[in-house]
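Here are my notes for your first look at this structure. Keep the viewer open and check each point as you read.

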Amino acid sequence: MIKVSPSILSADFANLESEMARLKDCGAHWAHVDVMDGHFVPNMSIGAVVVKAISKVSDLPLDVHLMISDPDRYVDDFIKAGSHIITIHEECNSDVMAVLKHIKDAGVKCALSIKPNTPVSALEKYIDILDMVLIMTVEPGFGGQKFIEACLPKIAEARALIDARNPDCLLEIDGGVTCDNVAAAKAAGANVIVAGSSVFGASDMRTAIEILGK
Ligand code: DX5
Ligand code: ZN
């Protein structure tokens, strides 16, 4: 089954409670929360206080994507805030294995992401403990960018790694995903679809989520 995890980076931040309700009504499986520190990526977004606030008003599982340089310093805040799954980046400054284990030991699902220029082989030493791999299909930092087609072979490569080593591990893609290009990503093996602008900018959110998830 495909899960759709719309990115609330494209939501109306003045009305997050109703935006979360709208996502749920329209059939989203998770809500993707993009956390940016202005250091790992050239943009800042929201932190754990917002994750905590939305976890109180919505029962959609929160898929928290930490685009931050030092996840070891902040991950406890996101664990306590009610995250369902926390993704860190392989390219961060922290001890990646230690942070992943810490997330897992706290009873939260752990995931690891790679940026477009990082090879899938960078995931190999972590794959056994991961609940999800996230292949970025744009350079992280901003919503509304164009899907990088050259990332499609990486999705297939990650699928092969997962099938060989940890078949229960989910495979998420994030960045520039639309109703028009999602089929190729799913054919390559992705089973969790993040989409921001193409969900919140759709004239009919329910139909967009349905297409992304089928
Ligand atoms: C990019 C973020 C994405 C982004 C997705 O840095 O990680 O989650 O918001 O937005 P769209 O779907 O608009 O590319
Ligand atoms: Zn994201």
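1. Start with N181. Is this residue buried or exposed? Its relative accessible area is 16%. The cut-off for buried is under 20%, so N181 counts as buried. Remember that the whole model is predicted.

2. Stay with N181 and look at its surroundings. N181 sits in the loop between β7 and α6. Its side chain reaches the backbone nitrogen of T178, at 2.8 Å. Leaving out residues up to four places away in sequence, N181 touches F147 and G176.

3. Now find the zinc ion (ligand 2). Which residues are its protein donors? They are H32 through NE2, D34 through OD, H65 through ND1 and D174 through OD. These donors lie 2.0 to 2.3 Å from the zinc ion. Along the chain they follow the spacing H-x1-D-x30-H-x108-D.

4. D34 belongs to strand β2 (residues 31-36), and D174 belongs to strand β7 (residues 170-174). The pair therefore ties together parts that are 140 residues apart in sequence. D34 has 6% relative accessibility, so it counts as buried. D174 has 8%, so it counts as buried too.

5. Next, the geometry. Why is the arrangement around the zinc ion (ligand 2) called octahedral? There are six donor atoms, and they subtend angles of 69 to 168°. Octahedral requires opposite donors over 155 degrees apart and all others between 65 and 115.

6. Turn to ligand 1. It is surrounded by 20 residues, and the closest are D34, G141, D174, G196 and S197. A polar backbone atom of G141 is 2.7 Å from an oxygen atom of ligand 1. A polar side-chain atom of H65 lies 3.3 Å from an oxygen atom of this ligand. For H32, a polar side-chain atom lies 3.5 Å from an oxygen atom of ligand 1.

7. Helix α8 covers residues 205-213. Its buried residues are M205, A208, I209 and L212. They span an arc of only 95° around the axis, which puts them on the same side of α8. An α-helix has 3.6 residues a turn, so residues three or four places apart point the same way. The cover over the buried residues of α8 includes β1 (3-6), α1 (16-25), α6 (182-187), β8 (192-195) and α7 (197-200). At the start of α8, a side-chain oxygen of D204 comes to within 3.2 Å of the backbone nitrogen of R206.

8. Compare helix α1. Here L16, E19, M20 and L23 are buried. Their arc is only 100° around the axis, which puts them on the same side of α1. On the other side of α1, E17 and D25 are exposed. The buried residues of α1 are covered by parts including β1, β2, α2 (48-57), β3 (62-67), α7 and α8. Just after α1, G27 takes a positive phi of about 95°.

9. Finish with L130. Where is it? L130 lies in the loop between β5 (109-114) and β6 (132-136). Its relative accessibility is 2%, so it counts as buried. Apart from neighbours within four places in sequence, its contacts are L100, C110, A111, L112, N166 and C169. L130 and C169 are 39 residues apart in sequence, but 6.3 Å apart in space, C-alpha to C-alpha.

Definitions and conventions: Residues are numbered from 1 along each chain as its sequence is written. Chains are lettered from A and ligands numbered from 1 in the order in which they are written. This is a predicted model: local features need pLDDT of at least 70, side-chain atom pairs count only at pLDDT 80 or more; totals for chains, interfaces and linings use all residues. Side-chain values use heavy atoms; hydrogens and water are left out. Buried means under 20% relative accessible area, exposed over 50%, partly exposed in between (1.4 Å probe, protein chains only). Helices (H or I, at least four residues) and strands (E, at least two) are DSSP runs, numbered from the N terminus. The arc is that of the directions from the helix axis to the C-beta atoms. Contact means heavy atoms within 4.5 Å. A polar contact is a pair of N or O atoms within 3.5 Å; within protein, one must be able to donate a hydrogen and the other to accept it, and residues adjacent in sequence count only if both atoms are side-chain atoms. Donors are N, O and S atoms within 2.8 Å of the metal (3.2 Å for Na, K and Ca); water is not among the atoms, so sites may look incomplete. Four donors count as tetrahedral if all angles lie between 85 and 135 degrees; four count as square planar and six as octahedral if opposite donors are over 155 degrees apart and all others between 65 and 115; anything else is irregular. A residue is near a molecule or strand if one of its heavy atoms lies within 4 Å of it.
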